[in-house]
Amino acid sequence: MNREASRALPKGLKTTIAVLAAMVVLGLVTLPGLRQAVQRLRSTPKTDEQSRREVMQEPISTPTDVPVEAQMFWLSTSTLNALEPTTIQLPLSADPVERSKQLINALIARAPGPEKRTLPAEASLLAFYIQPNGTAIADFSDEISSAMPSGILSEQLAAESVARTLGANVNGIRLLKILVHGQEAESLAGHLDLYGLFPVPSLVPGAEPHK
Amino acid sequence: MWNDSGILVEVPSKLICFLFALMVSAALATLAQAQSTQAPAASAAQPAPQTTTPAPQQTLAPAQPSTEPPAPPQKTLAVVILDPAHGGADAGARGSAGIAESDVVLSYARLMRISLEAQGLRVILTRQANDDPSFDDRSRLANAQHSVIFISLHVSSTGQPGTVRVYSMPRMALTPNPAIAAHSGLLPWDRAQFNFIDQSRRLAELIQIQMAQRFRGSSETPFEAPVRQLRTVGAPAVAIEVSSVSVPDRAPLDQLGPGLADGVARAVAAFRTIYESGGK
């Protein structure tokens with residue numbers, strides 16, 4: 001009876017059913033991959049900060065920018081648990097605030113490799129100020145905390161890399177205060193105290209007083 | 001001389017000179033005695049803590065209002081607060097294999113408790129299970145006790161696996177506000193660690209030496225870092241950080257537990273002697 005019924009179906013309908021069946025099989029095969037892709041997208045939503053950074057691709061530049069050999073402090077690959085200076089060519093402004101922003105952005109964006117990175121790649125500098133008494137205030141996005149490898153060691157080296165990079169390339173900064181998204185946070189990522197100020201060792205040759 | 005009402009109206013200059021000479025001679029005699037107690041030959045006969053405070057200040061100088069809160073009284077070390085960091089929703093450092101800092105440190109704290117209680121010390125954990133008291137709640141537990149030390153336990157996400165670092169607060173991070181200290185005489189909560197920096201450093205040295213003996217690659221000298229948890233503890237306080245949660249499974253971290261517990265217990269025993277003798 002069924003065979004007779006199937007014979008009775010027109011040829012075009014048979015072809016349509018076959019194509020639909022093939023599509024269903026194809027869909028079933030690709031379904032797990034699609035599901036994984038959707039989960040990946042769900043788990044890494046684009047933050048406001050990331051969207052903002054995508055728009056602001058242009059690096060900070062000022063009319064006084066001069067390419068200089070900047071001394072950057074990233075993790076040492078030869079000495080454990082330590083920072084080491086690495087010299088890179090960087091166009092730096094004469095203005096201490098702009099210069100500091102350029103340095104911190106380079107510290108994040110131009111780390112030579114993941115093994116030398118001190119600040120999370122997702123983090124960004126939101127604002128930077130220098131007070132007349134030589135205290136610099138660096139305001140980072142939330143990712144400085146959320147994407148930071150947790151631990152006293154890693155958090156201390158992160159703060160130290162900012163302080164030492166500023167000290168080596170900018171005149172007149174004596175102390176550093178770190179804010180997270182404009183707020184005074186209790187800790188960087190659960191360990192390092194952000195209540196106080198970090199000393200900035202000045203390594204600038206012939207340092208001039210900050211104007 | 002005295003008037004009819006019995007009030008002193010005039011003092012003869014000879015009397016003033018005599019009293020002044022008497023005070024100077026008394027001061028010199030006290031000074032000489034203090035110097036003799038510091039000499040090696042006399043040190044055995046005198047208790048050590050007395051020699052650490054210059055005697056002339058005690059006898060000559062009038063009581064001045066101190067600009068810093070009074071030093072903590074030296075007593076018998078009775079209580080150890082063990083602080084397994086993080087907990088609850090805050091797992092702390094998390095490895096790619098799923099190892100959570102909050103779990104590992106709780107197991108370390110339980111082992112240390114046994115070793116320290118064997119010395120007759122009372123041991124209090126800032127958390128017993130997977131909950132997450134605030135930094136201030138943990139500090140409050142320590143600050144409510146007398147004759148106490150505080151040990152915060154951590155596992156990092158970086159560093160050479162199997163090594164241990166011991167931290168105390170740097171002095172610079174706790175510079176007190178002189179206006180508050182002078183007027184109130186109280187220790188501000190947010191800088192409660194300030195008066196204990198030297199003792200904390202000594203405790204960190206003793207623990208770090210024990211760690212260097214047990215865990216290859218660990219430093220022989222302790223570290224200084226502004227650790228949030230330590231700042232508000234008004235007692236000798238250190239943080240111990242083990243590397244790291246990056247290991248592929250938890251077994252190597254668990255194997256460090258007995259050595260950590262024994263090393264900390266020995267260091268605390270050594271510190272106890274120093275603490276109870278009033279030294280730093």
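Here is a short chat about a predicted model with chains A and B.

Visitor: What makes helix 5 of chain B largely enclosed?

Guide: The count of buried residues does it: 12 of the 17 residues in helix 5 of chain B are buried, so the rest of the structure largely encloses that helix.

Visitor: How do you know that the span of helix 5 (residues 101-117) of chain B agrees with 1.5 Å a residue?

Guide: The expected span is 1.5 Å times one less than the number of residues. For the 17 residues here that should give 24 Å, and the end C-alpha atoms are 24 Å apart, which agrees.

Visitor: Which residues touch the most other members of the largest nonpolar core?

Guide: B:Ile207 and B:Val238 do, in a core of 102 residues. Helix 10 (residues 251-276) of chain B gives the most to this core, 10 residues. Leaving out residues up to four places away in sequence, B:Ile207 touches B:Val166, B:Val238, B:Ile240, B:Gly263, B:Val264 and B:Ala267. Contact here is a matter of C-beta atoms lying within 7 Å.

Visitor: Why would nonpolar residues gather like that?

Guide: As a rule, in soluble globular proteins nonpolar side chains tend to be buried together.

Visitor: Over to chain A. Why is one side of strand 3 (125-130) and of strand 6 (198-199) left without a neighbour in the sheet?

Guide: Four strands of chain A make an open sheet in the order 3-4-5-6, with mixed pairing. Strand 3 and strand 6 of chain A stand at the edges with a single partner strand each, so one side of each has no neighbour in the sheet.

Visitor: How do you know that strand 5 (residues 175-180) and strand 6 of chain A pair?

Guide: Strands pair if DSSP finds at least two bridges between them. Strand 5 and strand 6 of chain A have two, in the antiparallel sense, so they qualify. A:Leu176 stands opposite A:Phe198 in strand 6 of chain A.

Visitor: And how many bridges join strand 3 of chain A and strand 4 (residues 135-140) of chain A?

Guide: Five, again in the antiparallel sense. A:Leu125 has A:Phe140 in strand 4 of chain A as its bridge partner. The hairpin of these two strands has four residues between the strands, and A:Gly134 takes a positive phi near 90° there.

Visitor: Which domains is chain A divided into, and how far apart do their C-alpha centres lie?

Guide: Domain 1 covers 2-43 and domain 2 covers 66-199. Their C-alpha centres lie 55 Å apart.

Visitor: How many residues of each chain are buried, as a percentage?

Guide: Buried residues make up 32% of the 211 residues in chain A, and 38% of the 280 residues in chain B.

Note on methods. Residues are numbered from 1 along each chain as its sequence is written. Chains are lettered from A and ligands numbered from 1 in the order in which they are written. This is a predicted model: local features need pLDDT of at least 70, side-chain atom pairs count only at pLDDT 80 or more; totals for chains, interfaces and linings use all residues. A nonpolar core is a set of buried Ala, Val, Leu, Ile, Met, Phe, Trp, Tyr and Cys residues joined through C-beta atoms within 7 Å. A residue is buried if 20 or more other C-beta atoms lie within 10 Å of its own, exposed if 12 or fewer, and partly exposed in between; C-beta atoms are placed from the backbone. Two residues are in contact if their C-beta atoms, placed from the backbone, lie within 7 Å. Domain bounds come from an automatic or database domain assignment.
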